[in-house]
Amino acid sequence: MTLAELEKMGGEAMASATGAADLAALDQVRVGYFGRNGLIPALVKQMKDVPAEDRPAFGKRLNAWRGDLEALLEARKAELATPVTRGPAFDGSLPGRWHGTGAAHPISQVIEAVASIFAKLGFSVADGPDIENTFNNFTALNTAPHHPSMDAADTFWLDNDRLLRTQTSPVQIRVMTSHQPPVRIITPGRCYRRDTTDATHSANFHQVEGLYVDTRPVSLADLKSTLAHFAREMMGPDVGVRFRPHFFPFTEPSVEVDFSCHVCSGQGCRVCKMSGWIEIAGAGMVDPRVYRFVGYDPESVYGYAFGMGVERIAMIKYGIKDIRSLYENDVRFLGQFA
Ligand code: DAH
């Protein structure tokens, strides 16, 4: 027997201990090596035939792998004795857990509907930031410095020149200062005012602004027919639309636009405060002073603008009685609009 042969036997011993599939097989390995007729006692007996000078090396080698084998057998025994823990059986026939299908928020649904109605009329969607400067939100919209809307009691000012926009109208200014006519855009977005929240007011609400400016004549009749068409597309063919003279600094002439109350079909209810009508938008022909602020020649362009309240539309379209329910994210409420 050579040292290499002894080494090889050690390797085989370890391999068979590692490969034992269960406790019985492992015990057979143990008996095969450590039993009375096992390999190890046999090897010990053969020691006397090894030349005296090689004996210590053989003894050391045999002892080493015997110790390793013993330790491995112990470890494998503990391992095979531990029952394999499995998770609960999978039952493919159980129904899944229903989490409900998401849907767009009614505010988003209205904005998307407005955008798609105006897209068919050739209006594209423009965007502007919630944080505006005085020029875009007030000055270029021909709003005098003493105008009450500029007061700190009405507007959230961030510093001397920056504010949370009080309307989507400043996007008109952004579009006109960067594009030449014709421009035909709508611009939906958030607006901010220092309003006390109640059933019909919120300090944070949404508007959709519209602007059409062309070098060909555009008239108040175009504005009226466009908004009347929009009303029917949005609310259905039976909706009533009325235009009341009004004042806005950035339009002349100006109108306010009412839709007949969808909740009571114009009969008068709490939502329309018994009037049968709900104010939806402000509108008018763009004031020449606005054109001058944006660098257009007031003598050679024509245009109208409008700005409508998204919450107002959502409330009458869906019969929502309290604006606050639109912001509470209560799925029992939102689920109605899925
Ligand atoms: N910005 C106005 C508001 O918040 C609404 C408005 C009125 C927008 C007339 C317009 C407009 O574009 O022409 O009350």
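Asparagine 142 is found in the loop between helix 6 and strand 3. Its phi is positive, at about 60°, although the residue is not a glycine. The model is a predicted one. Asparagine 329 is a second case, with a positive phi of about 55° although it is not a glycine either. The place of asparagine 329 is the loop between helix 10 (310-318) and helix 11 (331-334). Asparagine 329 has a relative accessible area of 55%, so it is exposed.

Most residues other than glycine have a negative phi, and most peptide bonds are trans. Two peptide bonds are described here as cis. One runs from proline 181 to proline 182, with omega near 5°. Proline 182 sits in the loop between helix 7 (170-178) and strand 4 (183-192). The other runs from glutamate 252 to proline 253, with omega near -5°. Proline 253 belongs to strand 7, which covers residues 251-260.

The chain as a whole is divided into two parts. Domain 1 spans 3-81, and domain 2 spans 106-337. Taken over C-alpha atoms, the centres of domain 1 and domain 2 are separated by 90 Å. Lysine 48 and valine 271 are 223 residues apart in sequence. In space, the C-alpha atoms of lysine 48 and valine 271 are 110 Å apart. Lysine 48 is found in the loop between helix 3 (39-46) and helix 4 (55-81). The relative accessible area of lysine 48 is 62%, so this residue is exposed.

Charged side chains were examined next. The count of salt bridges comes to 13. One of these joins lysine 8 and glutamate 12, at 3.9 Å from N to O. Both residues lie in helix 1 (residues 3-19). Lysine 8 and glutamate 12 are four residues apart, about one turn of the helix. Lysine 8 is exposed because its relative accessible area is 59%. Glutamate 12, with a relative accessible area of 42%, is partly exposed.

Aspartate 159 and arginine 162 also meet in a salt bridge, at 3.0 Å from N to O. Aspartate 159 has a relative accessible area of 37% and is therefore partly exposed. Arginine 162 also counts as partly exposed, at 40% relative accessibility.

Aspartate 214 forms a salt bridge with arginine 216. The closest N and O atoms of aspartate 214 and arginine 216 are 3.6 Å apart. Aspartate 214 counts as buried because its relative accessibility is 5%. Arginine 216 is exposed, with a relative accessible area of 54%. Elsewhere, salt bridges that share partners join Arg242, Arg244, Glu256 and Asp258 into one network.

Asp151, Asp154, Asp195 and Asp198 form a negative surface patch. Residues in a patch have no salt bridge and over 30% relative accessible area. Aspartate 154, at 35% relative accessibility, counts as partly exposed. Aspartate 154 therefore passes the cut-off of over 30%. This residue is found in the loop between helix 6 (134-137) and strand 3 (162-164). Asparagine 142 is also found in the loop between helix 6 and strand 3.

Note on methods:
Residues are numbered from 1 along each chain as its sequence is written. This is a predicted model: local features need pLDDT of at least 70, side-chain atom pairs count only at pLDDT 80 or more; totals for chains, interfaces and linings use all residues. Side-chain values use heavy atoms; hydrogens and water are left out. Patches are made of residues with over 30% relative accessible area and no salt bridge: like charges are joined within 9 Å, nonpolar side chains (Val, Leu, Ile, Met, Phe, Trp, Tyr) within 5 Å. Accessible areas come from the Shrake-Rupley method with a 1.4 Å probe; for residues, only the protein chains shown count as cover. A salt bridge is a side-chain nitrogen of Lys or Arg within 4 Å of a carboxyl oxygen of Asp or Glu. Lys and Arg count as positive and Asp and Glu as negative; His and the chain ends are not counted. The place of a charge is taken as NZ of Lys, CZ of Arg, CG of Asp or CD of Glu. Helices (H or I, at least four residues) and strands (E, at least two) are DSSP runs, numbered from the N terminus. Buried means under 20% relative accessible area, exposed over 50%, partly exposed in between (1.4 Å probe, protein chains only). Domain bounds come from an automatic or database domain assignment.
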